[in-house]
Amino acid sequence: IDLTFLETLEQVTGKEIIWDVLKQTKTMIGCDRLIWGSEGAELGLEMYPDAGLERMKVTIRKVLDAPFLTDQEKENILCLNARRLFRV
């Protein structure tokens, strides 16, 4: 599961959802099947506001600050799972 777009959904809905999604996903499938991703610095979608790199930093910071994730789970989500998936 990819965390892409969660920070934009938070911005649009005004509700904090990233930690809820992380908690539920950790419980349901574990952190070995969860990756952080991004469409890049610019979404270019008219219906959603874009804050460039700051938008991307929101999710990264929330993963790093999540008290319910171990350091290993954070590293898996932000880096190692994607490396394993794409074999890089």
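Glutamate 16 is exposed, with a relative accessible area of 66% (exposed means over 50%, buried under 20%, and partly exposed in between, using a 1.4 Å probe and protein chains only). This is a predicted model, where local features need pLDDT of at least 70, side-chain atom pairs count only at pLDDT 80 or more, and totals for chains, interfaces and linings use all residues. Residues are numbered from 1 along each chain as its sequence is written, and side-chain values use heavy atoms, leaving out hydrogens and water.

Glutamate 16 meets lysine 62 in a salt bridge, that is, a side-chain nitrogen of Lys or Arg within 4 Å of a carboxyl oxygen of Asp or Glu. Lysine 62 sits in helix 3 and glutamate 16 in the loop between helix 1 and helix 2 (18–28), 46 residues apart. Helices here are DSSP runs of H or I with at least four residues, numbered from the N terminus.

Lysine 62 also pairs with glutamate 10. That pair ties together parts 52 residues apart in sequence, because lysine 62 lies in helix 3 (residues 53–65) and glutamate 10 in helix 1 (residues 6–13). Both ends are tucked away: lysine 62 is buried at 19%, and glutamate 10 is buried at 10%. So Glu10, Glu16 and Lys62 form a network of salt bridges.

Then there's lysine 26 with glutamate 73. Lysine 26 is in helix 2 and glutamate 73 in helix 4 (residues 71–86), so this bridge joins parts 47 residues apart in sequence. Lysine 26 is partly exposed at 27%, while glutamate 73 is buried at 17%.

The count comes to 4 salt bridges, including these:

| Pair | N to O distance |
|---|---|
| Lysine 62 and glutamate 10 | 2.9 Å |
| Lysine 62 and glutamate 16 | 3.6 Å |
| Lysine 26 and glutamate 73 | 3.0 Å |

Terms used:
Helix = DSSP H or I, 4+ residues; strand = E, 2+ residues; numbered from the N terminus.
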